[in-house]
Each structure stands twice: as structure tokens, then as C-alpha cells.
Amino acid sequence: MRSKNQSPVNTKIIILGLFFLLLLSVIAWSSSSSFIAENDDLSDSAAAACPSLPSTPTCTKTPPSVANALVHYVTTSVTPQQTLKEISVSSRVLEKKSPCNFLIFGLGHDSLMWDSLNYGGRTVFLEEDKRWIEQIREKLPTLESYHVTYETRVNQADELIESGMGDDCKVVGDPRISRCQLALKGFPDDIYNTEWDLIMVDAPTGYHDEAPGRMNAIYTAGLMSRNRKNGETDVFVHDVDRAIEDKFSKFFLCEGYLTEQEGRLRHFVIPSHRTGSGKPFCP
């Protein structure tokens, strides 16, 4: 008997509850519609340009490059050479500066990650191994990479750092016309003509005597940074636990420009030397 008597009451409560929820939904919808109407001058243009404006609230679709990166790293067991803490140093800078121009010496398992973190910008990879470039292009054809040749060897490092102390290597200018033995001159012209906001040196190979070593790459990264018209360049050097990366980064990127070191990664911030006449090579 109680269940029969309570049934109409329960039904009324349910109906009232549903009505109340519906009312709240209508109010919420009206509020959001008012907000959209108030910002109508932005919504039309933003909706039309949605793919190129990832920060626009109306854009909820994951950018293709980011989606590809997520799928790639979820389905691979290969681990990037840098640790999470080391990667975090560069990613914090990218968070502030991207979209920007990002030049990376080396093409590796972390390349898609860097390209995705610089979404909307230009990320270029310089690689010594042609066969490796072909392998990566088959899997990740959207990455922009170029083959470069290095004439040096790790066992020449002492000779090169001594030559780097000469006046020719302290002159700021285009690496293509530099008289310094350490300046790299074989890149595509577009590489020299672009002002890079970030440069990462994580190549070429440098762990045995007959490897090219990173002497020229470190020097050239510093020269290109100093030669920009204005502003500053964030330069990162990996594997500074090794003697060459340690010495050459301190000498040619300058300890006075060193802002942070995390594990085997150093972060230098190098200002333009073209805007200040008489500025010393190192502060």
C-alpha cells in the first residue's frame, strides 16, 4: 500500500527535478549566447581563421602536427636522448617564444616533439647522415631537414680551439664570409638568411676520435646569434659532460651568457652584437 501511495509523489518529484535541470540548462545556454554575441566582432573572423589560431577559444580541434606527435610517441618505445628535466629547459623557452624560428643541429627521435612544441613556427634540422634523413622522412615527411657535411674530427679539437682564439674568430659577421676556421659555410643560403630565435646543438656525432665533433656547430651557433640584427638568441648545447661540448660552449658561447644548466644541457642567451659597437666577444 505504501508504494502505491508514494508512487505519484515520486513521479512529481522526478518531473520537477527534470524541469529544474532543464531550466538551469536554458539559463546557462542564454548566458553563453550573450557572451558570444558580445564578442561577435571577433567570432566571425576567428571561426574563419580557426586552423591558424590555435589559442582562439572557438578552436577545439587538435592541430595536425600535435596530433601526429601524440600518436607517434604513444606507439613507439624509443626514448629521446634528453631527459625530461633537460627537455623542460628548452620547452619553457619555446612556450614563451613560439611560434618562432628554431634551428636544431641533429635529427633524432625527439625531432617531432620539437616541431610540435613550435607549432605555427619554423623548425629546421641539420643532419650529417643521409641515410638517417631518408629513414626519418619516410616516417615523418613533414619535418624540414637538410644534409650537412662536417670536415673536422674530434681529435682536432685542441688545434681548433687554439685557432678560435685568433682575431678572425672574434669578428661578428655572416659565417659564409668569415675567415675563422670554425665557421660552417656549407648550409643552404636560407639558413644563413634567417634570424633564429632558438638554436640547439645536439649533433653532429662527437663520442669518438674519428667523429666530426661539435666544435664548428657550437662556434657557428654563437656567430649566427651575435650576427642577428637585434634581439637575442637562446642557444642550447647538449652533452656538456663531454670535454669538447664543455670547453667550446664556455669559450665561444661565453660563461657570461650562460643562464642555466640542467644535467647535460646548457642554456645560453646571446644578444645581438650588431646593435652595440665595440661590444666584446664575451661579457
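I take helices (H or I, at least four residues) and strands (E, at least two) as DSSP runs, numbered from the N terminus. With that convention I located Pro204 in the loop between strand 4 (198-201) and helix 9. A cis peptide bond with omega of about 0° joins Ala203 to Pro204.

**Basis of the entries.** I am working from a predicted model, in which local features need pLDDT of at least 70 and side-chain atom pairs count only at pLDDT 80 or more, while totals for chains, interfaces and linings use all residues. Residues are numbered from 1 along each chain as its sequence is written, and side-chain values use heavy atoms, with hydrogens and water left out.

**Whole chain.** I noted ten helices and seven strands in the protein chain. Of its 283 residues, 41% are buried; buried means under 20% relative accessible area, exposed over 50%, and partly exposed in between (1.4 Å probe, protein chains only). I then looked up contacts, meaning heavy atoms within 4.5 Å. Among contacts in the protein chain with a separation of 6 or more, 64% are between residues 24 or more positions apart.

Pro99 sits in the loop between helix 4 (84-97) and strand 1 (101-105).

**Positive phi.** I recorded the background first: most residues other than glycine have a negative phi, and most peptide bonds are trans. Asp239 is not a glycine, yet its phi is positive, about 70°. I placed Asp239 in the loop between strand 5 (232-238) and helix 10, and its relative accessible area of 7% makes it buried. Cys254, also not a glycine, has a positive phi of about 80°. Cys254 belongs to helix 10 and counts as buried at 1% relative accessibility.

**Glu245.** I looked up this residue in helix 10 (residues 243-254). Is Glu245 buried or exposed? Glu245 is buried, because its relative accessible area is 1%. Its side chain makes a polar contact of 2.7 Å with that of Arg242. A polar contact is a pair of N or O atoms within 3.5 Å; within protein, one must be able to donate a hydrogen and the other to accept it, and residues adjacent in sequence count only if both atoms are side-chain atoms. Leaving aside residues up to four places away in sequence, Glu245 touches Arg214, Ile218, Val237, His238, Asp239, Val240 and Arg266.

**Helix 9 against helix 10.** I found that the axes of helix 9 (residues 215-226) and helix 10 come within 9 Å and cross at roughly 20°. Axes are lines fitted to C-alpha atoms, for helices over the stretch in contact, and angles run from 0 to 180 degrees between N-to-C directions. Helix 9 and helix 10 are therefore roughly parallel to each other, a term for angles under 35 degrees. From helix 9, Met215, Ile218, Tyr219, Gly222 and Arg226 meet Ile244, Glu245, Phe248, Ser249, Phe252, Leu253 and Cys254 of helix 10.

**Thr123.** I placed Thr123 in strand 2 (residues 122-127); with a relative accessible area of 3%, Thr123 is buried. A polar contact of 3.0 Å links its side chain to that of Asn118. Beyond residues up to four places away in sequence, Thr123 touches Phe102, Ile104, Trp114, Asp115, Asn118 and Glu144. I also recorded that Thr123 and Trp196, 73 residues apart in sequence, are 9.6 Å apart in space, C-alpha to C-alpha.

Methods: Angles under 35 degrees count as roughly parallel, over 145 as roughly antiparallel, 65 to 115 as roughly perpendicular and the rest as oblique.
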